[in-house]
Amino acid sequence: MSAAAVEHPCDDEPEPMLVTANHLMGHLPGYRVEIIGGVITVAPPPDGPHANALTTLMIPFLAAGLHGDEARVLQAIGLWLPGGPEDYAIPDLAVVDADYDEHVIENNCYDPAVFRLVLEVTSSNYKNDLRNKVAAYAEANIPVYVIVDRKHSRVHVLTEPVGGEYNSHEVYAPGRVAVLPDSIGAKVTLDVAELVAAGRPRA
């Protein structure tokens, strides 16, 4: 009688980062867990002014008709990133093609090709939005990246992704209006003073 070889998994072998990230999400309700540049990042639940700024932001996109037959305006949709084998991000807001649900890649994340715009409202981890995600979204060829920088009271509009960076980076202070590219599917302008005020915590 012959005996078949039995293979035992190596106890020292680390689990895939996606498994770790999903375990963290299960144990930290309300936290945002992402993998960017091969590093797991965990952001605490956003505060009320963050949510207020996000709702204020949605209004001009919806008014422009972007949530319709051709495109959808979605909060916290997973974006699969090409920067690493398990990289993904969960932007605060995105404008995507209406058929996005036909382009799932893995882990409830979608092909970057269906994203017309991603937007982040900064919190305590603002450096991640202003640095790491700039490179990650540019590498994924996301055409437009908008950042509402609550710490410095301004809005960034980044366009023209090439080689892991954005060739165009416009910074808008209160009193100015940020005009977004028509490539997102409609004409959209953002009142910077209104957004800064919406995201400002009360003293």
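Trainee: Which helices and strands each supply at least two residues of the lining of the largest pocket?

Mentor: Strand S1 (32-36) and strand S9 (115-121) do, and so do helix H2 (48-63) and helix H3 (126-139). Keep in mind that this is a predicted model.

Trainee: OK, and how many residues line the largest pocket?

Mentor: The lining has 19 residues. Nearest the centre you'll find Arg32, Pro44, Pro46, His50 and Asp92.

Trainee: How do the residues of that lining divide into nonpolar, polar and charged?

Mentor: You get 8 nonpolar, 5 polar and 6 charged.

Trainee: And how much space lies in the largest pocket?

Mentor: About 260 Å³.

Trainee: What does the side chain of asparagine 128 make a polar contact with?

Mentor: With the side chain of asparagine 132, at 3.0 Å.

Trainee: Switching topic: where is glutamate 86?

Mentor: Look in the loop that runs between strand S4 (78-80) and strand S5 (88-89).

Trainee: Which side chain of opposite charge is nearest to glutamate 86?

Mentor: That's lysine 133, and it is 18 Å away. Glutamate 86 has no salt bridge, yet it is buried.

Trainee: Then what does the side chain of glutamate 86 reach?

Mentor: It reaches the backbone nitrogen of methionine 17, at 3.2 Å.

Trainee: What's the relative accessible area of glutamate 165?

Mentor: It's 49%, so glutamate 165 counts as partly exposed. The cut-off for exposed is over 50%.

Trainee: How far apart are glutamate 165 and valine 134 in sequence and in space?

Mentor: In sequence they are 31 residues apart, while in space the distance is 7.0 Å from C-alpha to C-alpha.

Trainee: Last bit, the whole chain. How many helices and strands does the protein chain have?

Mentor: There are 4 helices and 14 strands. The C-alpha atoms fill a box of roughly 85 × 40 × 30 Å along the principal axes.

Trainee: And what share of the residues count as buried?

Mentor: 42% of the 203 residues do.

Conventions:
Residues numbered from 1 in each chain as written. Predicted model: local features only at pLDDT ≥ 70, side-chain atom pairs only at ≥ 80, totals over all residues. Heavy atoms only, no water. 1 Å grid on protein atoms, 1.4 Å probe; cavity = no way out; pocket = protein on both sides within 12 Å on 5 of 7 lines; lining within 4 Å. Points joined across faces, edges and corners; volume = space filled by probe spheres on them. Nonpolar A, V, L, I, M, F, W, Y, C, P; charged D, E, K, R; others polar. Buried < 20%, exposed > 50% of the residue type's maximum accessible area, 1.4 Å probe, protein only. Lys, Arg positive; Asp, Glu negative; His and termini not counted. Salt bridge = Lys/Arg side-chain N within 4 Å of Asp/Glu carboxyl O. Polar contact = N/O pair within 3.5 Å; in protein donor to acceptor, adjacent residues only side chain to side chain.
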